[in-house]
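Visitor: Please show me the model, and then let us discuss its side chains.

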Amino acid sequence: MNTGFSFDNPPQDNGIISNVPSLVCAFSASVTTGGTIYAFGIYGDDLKKSLHLSQLQLNAISATFFIAGLFTWIPGIVVDRKGARFSLILGGISGAISTMIYWTIARQFVLITHIVPVLSALAVWICLSCGLIIGSIFKLTLICGGTGTRGSAVGVAKGFVGLGSGVYACIFQALQTTGESALDFLPVIAFFFIVCTTLPASILLPTKDKADTCIIKSESTPLHFRTMYVSLLLLGTVIVGTSLIELVNRRVICQ
């Protein structure tokens, strides 16, 4: 039986491809999945004010992002059947579209009734889009990580998933002008869905048919992973430092 990617039991040799582009694509995509969900606190207050929501309604919308996790097995099936390339491209496009629709409603560019159910449905859509990306990321890192480094590859990807929302917050704070709504953080997320997920996947990853018949050559080195570890530490330092500076500035203003 053809098991697809495997270092231990490689498929029929119809070509050899490096594992490095797949890992680059996985790590790039991993920064996009936490923006809308984990960074809800950045724009949640402005969402409440813009749509005149009660705290209970805001909590319901926020909770939907996590409740949608009950359905993330659906993207997992898609990843297995259609492959990582298709799933990342679809996940990036779907995530960008759903986030932009969420933004247009939140900013009241489009006026609708039943705000809470609609935003909750969009939250599920966004979460499932992220599910396509996350499923593809972990499939790529497990298959392409190479013998003895798969745990490291998964760990790096998970680190970028966690730090992604913080990176977005730092970028948005750097670009945000005085009086600009925090809801405008959402188009930044949509932008990175395309730039960090859809484009790299369409350029770097093989199609499922090619992936299932190729041998993956492990060309990742300890230096690659050390670079990733340093990148995670630097990102974490920037995020924490930015948060501390913002806190100090607010205390100075209050005084």
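The questions and answers below concern the core, the cysteines, the aromatic pairs and the salt bridges.

Guide: This is a predicted model, in which local features need pLDDT of at least 70 and side-chain atom pairs count only at pLDDT 80 or more, while totals for chains, interfaces and linings use all residues. Residues are numbered from 1 along each chain as its sequence is written, and side-chain values use heavy atoms, with hydrogens and water left out.

Visitor: Which residues does leucine 119 touch, not counting residues up to four places away in sequence?

Guide: Leucine 119 is among the core residues that touch the most other members. Contact here means heavy atoms within 4.5 Å. By that rule, and with residues up to four places away not counted, the partners of leucine 119 are Leu47, Leu51, Ile61, Tyr102 and Ile105.

Visitor: Which side chain does serine 129 join in a polar contact?

Guide: Serine 129 lies in helix α7 and is buried, at 1% relative accessibility. Leaving aside neighbours within four places in sequence, serine 129 is in contact with Gly91, Ser94, Gly95 and Ser98. A polar contact is a pair of N or O atoms within 3.5 Å; within protein, one must be able to donate a hydrogen and the other to accept it, and residues adjacent in sequence count only if both atoms are side-chain atoms. At 2.7 Å, the side chain that serine 129 meets in this way is that of serine 94.

Visitor: How many disulfides does the structure hold?

Guide: A disulfide is a pair of cysteine sulfur atoms within 2.5 Å. For cysteine 127, which is buried with a relative accessible area of 7%, the closest cysteine sulfur is in cysteine 130, 6.5 Å away and therefore too far for a bond. The number of disulfides in the structure is 0.

Visitor: How many residues apart are tyrosine 43 and phenylalanine 185, which form an aromatic pair?

Guide: Rings of Phe, Tyr and Trp (its six-membered ring) pair if their centres lie within 6.5 Å, with planes under 30 degrees apart counted as stacked, over 60 as edge-to-face and the rest as tilted. The structure holds 3 aromatic pairs; in one of them, tyrosine 43 and phenylalanine 185 are stacked, at 6.3 Å centre to centre and 25° between the planes. Tyrosine 43 is buried at 0% relative accessibility, and phenylalanine 185 is buried at 0% as well. The pair links distant parts of the chain, from helix α3 to helix α9, and its separation is 142 residues.

Visitor: Which geometry, stacked or edge-to-face, do phenylalanine 191 and phenylalanine 192 have?

Guide: Phenylalanine 191 is partly exposed, at 49% relative accessible area, whereas phenylalanine 192 is buried at 16%. Their ring centres are 5.3 Å apart and their planes at 80°, so the pair is edge-to-face.

Visitor: Where do the two residues of the salt bridge between aspartate 184 and arginine 107 lie?

Guide: A salt bridge is a side-chain nitrogen of Lys or Arg within 4 Å of a carboxyl oxygen of Asp or Glu, and the count comes to 3. In this one the N to O distance is 3.3 Å; aspartate 184 is buried at 14% relative accessibility, and arginine 107 is partly exposed at 31%. The pair ties together parts 77 residues apart in sequence, because aspartate 184 lies in the loop between α8 and α9 and arginine 107 in the loop between α6 and α7.

Visitor: What separates aspartate 45 and lysine 49 along helix α3?

Guide: These two side chains form a salt bridge, with the closest N and O atoms 3.3 Å apart. Aspartate 45 is partly exposed at 42%, and lysine 49 is exposed at 54%. Being 4 residues apart in helix α3, they are separated by about one helical turn.

Definitions and conventions. Buried < 20%, exposed > 50% of the residue type's maximum accessible area, 1.4 Å probe, protein only. Core = buried A, V, L, I, M, F, W, Y, C linked by side-chain atoms within 4.5 Å.
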